[in-house]
Amino acid sequence: MDLLGFIIILVKVLVVFAATMLTVLVMIYLERRVSAFMQGRLGPNRVGPQGLLQPIADGIKFMMKEDIVPAGADKPIFILAPAILLIPALMTFAVIPFGSDITLFGRQIPLQVADVNVGILYVLALTSIGVYGIVLAGWSSNSKYSLLGGLRSSAQLISYELAMGLAVVSIILLSGSLKLNDIVADQQGYLFSWNVFKQPLAFIIFLVAVYAETNRLPFDLSEAEQELVGGYHTEYSSIKFAMFFMAEYANMITAAALTVTLFFGGWDFPLVDESSLGILGTVLSVCSFILKMGFFLFLFIWVRWTFPRFRYDQLMKLGWKVMLPLALFNIFITAGYLTVRALV
Amino acid sequence: MGVVHGQEMVLNIGPQHPSTHGVLRLQVKTDGEIISEIKPFIGYLHRCFEKHCENVTYEQVIPFTDRCDYLASMANNFGYVVAMEELMEIKVPERVEYIRVIMAELQRIASHLLALGTFGLDVGAFTPFLYMFRDRERILDMFEMTCGARLLYNYMWVGGLSHDLPIGFVESAFRFLDYFEPKIEEYNNILTYNKIFIERTADVGVMPADVAISYGVSGPNLRGSGVKWDIRKDEPYSIYDRFDFDVPVGIGEKGNLGDCWDRFNVRLTEMGESIKILRQALTQIPKNGDVHQTIPKKIRPPKGSIYKRTETPRGDLGFYIISDGSPIPNRLKMRSPAFTALSVLDEIGRGWMLSDVIAILGSLDIVLGEIDR
Amino acid sequence: MAIITKSYEPTFWDKLYFPALFKGLMVTLRYFFKRKVTIQYPEEKYIPPDGYRGLHRLNKYSDGRIRCVACEMCSAACPVDCIHIIPGPSPWDEGKERYPVRFDIDLLRCIFCGFCEMACPEEAIELTEIYDFSDLTRENLLIDRDGLLEVYELTKNKNYYSQTKKSEKSET
């Protein structure tokens, strides 16, 4: 690899990382502000104009707090757990294409950090690793509430990963590739070429699974404030707690980006051929990606502040008895359709 | 195949826990998430109410009754003054009776709003809680307008009231009712008929009618089990016999009779009935009358005792007062509905999951101030 | 009497989950655009209605004499014994001959029931609309006669909150 190529990749890594972290901050602000608006309140509006600096004030507060490690905690794992959760959450974004190719310095640069040819597998693998962070945090805290939180999280993992994976399989069947770029390319063109119109059932299953995956209400069983006080992060304080917090939002961002990529044509702006518009097309595609992602992030907040929480056996029931058969049925239909199409 | 026995774990819920409704401590034995035993420990909010009452005069007891069930102070005042008036054989003016009923019913709505909101919070829905608090606030504003306090009113006195209604109260009460009635539909949309909420509460914590009766459970909890028992109807006190209202009971609409959802729905429907009573009372209320007219100069009830119960938002509130003819009660016992509601928790909460126990506790609508007294 | 009946079977429509959930989502979305109820507290103060039971004050006659005659009716009426009065001969020629040498109220004990103002025959003690008098030490919450008279000066025009609001506005 030549120097320029290396620099380009470095810049892309930095830009994506910075953008993710910035979005995390924005999301922390929006979560509080939007929830407040939905509840007829105003929310944080003191720090900075319209309270925009609130996440920074929060961050400073977290850093200043005393870092407590409870007696009897398994210290190395206790310290490691937030990192295990946060790092995969930030890494997942690497394979998501967030814009059409751009031509700079005489070379075509894909707007994607790494074009892995098993992109979807990479995403699924990393999101599963993240759950270990929760399980380990719950176990190592040496607290009963945390332990229950960790247990619930592992139960949640096995009941949802499967349905989510199978929902993705039907997309893979359609596009014939594990590469996220190919999946996006497959959805180019007119509006109804988006997978959400081809695979509405898979979309619903995936969306529900993604809420469980990111530990958000109505599936935030592992932290369930009213039952488990704080669940797996009961005993965490200071910057370690902030890391859990950031991981939750980073996960949300990734999940929203993935939903957009798999079902809403990624960066595709309907009825426009971005590659023919040059630099303008790239800007348009990035904007379209951000807009779609923004909608799903808003949906995350919206849902969280409207619904009650499931019980954990209900969640497992939903996962195993409803979503898994539905996902299998969907695959069956998709595969059948593809076979028939190939024959005709 | 043998049965696998897990190791039992003792879990302390409270006294500092987000959903123990005050300072209750529950010691639960769990096998994983399944609860096998619940032991409530009370007394963290014990303020010697009954002993205290033996050392202050009869009128000075009233501010203390406020503090027992601090979410339904008006109803507590009401219970005490009704008992005292029967003991002293005082007949209060019409206007006073009407104002008392209006206040008690407004208080019932306010208290139920809080109960429903916190129940929603216990199962994880945060937003309805704030909507209900917002509406409750309007009732508190009206109380504040009337007696100068938002929570602990000291409003009903033996033989009368501390203040007459302020100018414009009736209009603002009507305005509130017009505003509030459509809100019930909104609560239904966001919480009551939300599928997740139904899943969480229907069939959970079923309290059969016989269990409820044998534990002495009363109020909306008893009615949730399908027993039509309301002191306002069955043993009318004050002027409740003049109003036309129903006593809503649970019918097992979404699951077994007497589950958490039934208790929730009974409270929600009761608010509608309270609105009915309020509309009647606000139109019938006599325009004139002195609320201080029958307040005795010195409260010195004759020797004897009285037990009088009234229907607070939580159930039968009984006051047993023994008088020895002096201006200080010889003994005062309060039978609090929340105490009996808490005692049934172990019976109906056993075998459910941790999340359910929190939901059951929320559906019983306990107030620790009243339990510990 | 144990009647456990299962009277409810979810219909297909109920089982779909989404219609009911969608209704809830619409409620929250509607509120997103509605007017908010927050009062921006330190800048914008809630003005309590007349008759609010807040911090106490001792009233004065227009010529500066204290209305209180130290009859101790209020401390007798107080259910929590938070009023302590030491009577003494009044320094003024006209009017009543007794006045309070000391008049202490323990605000931490006080339950703001309003019995003292009802009991007072001279309309001397009164509860004002001041509600934000929290403090950091217990000592600061023992209010004496001069403190109570100061509260009278602050609140005699019945515009304690509207007044402070105005002055703050002029500052900014």
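**Exercise 1.** What percentage of the 373 residues of chain B count as buried?

*Solution.* A residue is buried if 20 or more other C-beta atoms, placed from the backbone, lie within 10 Å of its own, exposed if 12 or fewer, and partly exposed in between. By this rule, 58% of the 373 residues of chain B count as buried. The model is predicted: local features need pLDDT of at least 70 and side-chain atom pairs pLDDT 80 or more, while totals for chains, interfaces and linings use all residues. Residues are numbered from 1 along each chain as its sequence is written, with chains lettered from A and ligands numbered from 1 in the order in which they are written.

**Exercise 2.** Compare the radius of gyration of chain B with the globule rule.

*Solution.* The radius is taken over C-alpha atoms, and the rule is 2.2 Å times the number of residues to the power 0.38. For 373 residues, a compact globule would have a radius near 21 Å. Chain B has 21 Å, which agrees.

**Exercise 3.** Decide why E66(A) counts as exposed, and find its contacts.

*Solution.* First, E66(A) is found in the loop between α2 (54-64) and α3 (75-91) of chain A; helices are DSSP runs of H or I with at least four residues, numbered from the N terminus. Next, E66(A) counts as exposed because it has 6 C-beta neighbours inside 10 Å. Two residues are in contact if their C-beta atoms lie within 7 Å. Leaving aside neighbours within four places in sequence, E66(A) is in contact with S237(A) and S238(A).

**Exercise 4.** How many residues does each chain give to the contact between chains A and B?

*Solution.* Chain B gives 27 residues and chain A gives 21 residues.

Methods: Helix = DSSP H or I, 4+ residues; strand = E, 2+ residues; numbered from the N terminus.
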